[in-house]
Amino acid sequence: MQKIKAIGFDLFNTLLTAKPNALATAVARLIGSLQESGVSFDPETFKEAHKKAALRFIKETRTKGKETHNRFWISAALEELGLVLSPEDPRIGMAVEAYFSAFFEYCNLIPGTLQMLETLKVRYRLGLLSNFTHAPAAKTIIQTLGLAPYFECIIISGEVGYCKPHPIVFDELLEKMQAERGEILFVGDDPDADIGGALRAGIKPVWMTYANNKEIPFAASDADRDRYSFLNDVQTIADWDDFLALFTSE
């Protein structure tokens, strides 16, 4: 690691995890907010429509690299139910805030995260690059969990307009970290967005498998090793002790 001057980190399932009931709670709060605003619909029908819309927009995002936003998912779901609300409607804005409020309560740092950052900050510039549609919520989570002081830059896809694995966001990380491609590591859990994206950007990745090993919802799976053959040649860590060992074994 002698040439390394900077380290970039993903956020979810890399530095922190969300409890299994976080998503269900978030959707329930979203529905409650809309209904309190006077929007009338069957909750179960909306859930299915919202899930369908989310998957469609996420697939489009992965294809084009441009970030989407939850307000479009909600608007599309309501339209399928025959209700026309613009994505910019204040009622949808309130529903978005209600949705993300669940994550403020249901996110926990992976054990040893702050200690690891404290150790590495002495020698390396640290940055955060997260795919997160609603940047204000991401920043609240980062602040609440005490992560913000450790990072020289925090890049959220919802602000940039593009998301990993698009090279634009990795280029922005390099620029803000003032590092050359051979001088930075990127640590993430997602084989496509984090590992594949970093490789295509000319950045050395480190694959964090903590969430996979703990079978946390929405984590990468062992099957990804077959889908993404490049994972077999990437440095893998299961926890932060493994990561810190990379710097002490030189």
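Colleague: Which residues is Phe243 in contact with, leaving aside neighbours within four places in sequence?
Modeller: Phe243 is in contact with Ile7, Phe9, Met116, Leu120, Leu185, Val187, Val206 and Ile237, where contact means heavy atoms within 4.5 Å. Please note that this is a predicted model, in which local features need pLDDT of at least 70, side-chain atom pairs count only at pLDDT 80 or more, and totals for chains, interfaces and linings use all residues. Residues are numbered from 1 along each chain as its sequence is written, and side-chain values use heavy atoms, with hydrogens and water left out.

Colleague: How many residues does the largest nonpolar core have?
Modeller: That core has 60 residues, and Ile7, Phe9, Trp240 and Phe243 have the most contacts inside it. A nonpolar core is a set of buried Ala, Val, Leu, Ile, Met, Phe, Trp, Tyr and Cys residues joined through side-chain atoms within 4.5 Å; buried means under 20% relative accessible area (1.4 Å probe, protein chains only).

Colleague: Which helix gives the most to this core?
Modeller: Helix α4, residues 90-106, does so with eight residues; helices are DSSP runs (H or I, at least four residues), numbered from the N terminus.

Colleague: Changing topic, where is Ser75 found?
Modeller: Ser75 belongs to helix α3, residues 70-80.

Colleague: Buried or exposed, and why?
Modeller: Ser75 counts as buried because its relative accessible area is 8%.

Colleague: Which residues of α3 and α4 meet?
Modeller: From α3, Asn70, Arg71, Ile74, Ser75 and Leu78 meet Ile92, Ala95, Val96, Tyr99 and Phe100 of α4.

Conventions: Helices (H or I, at least four residues) and strands (E, at least two) are DSSP runs, numbered from the N terminus. Buried means under 20% relative accessible area, exposed over 50%, partly exposed in between (1.4 Å probe, protein chains only).
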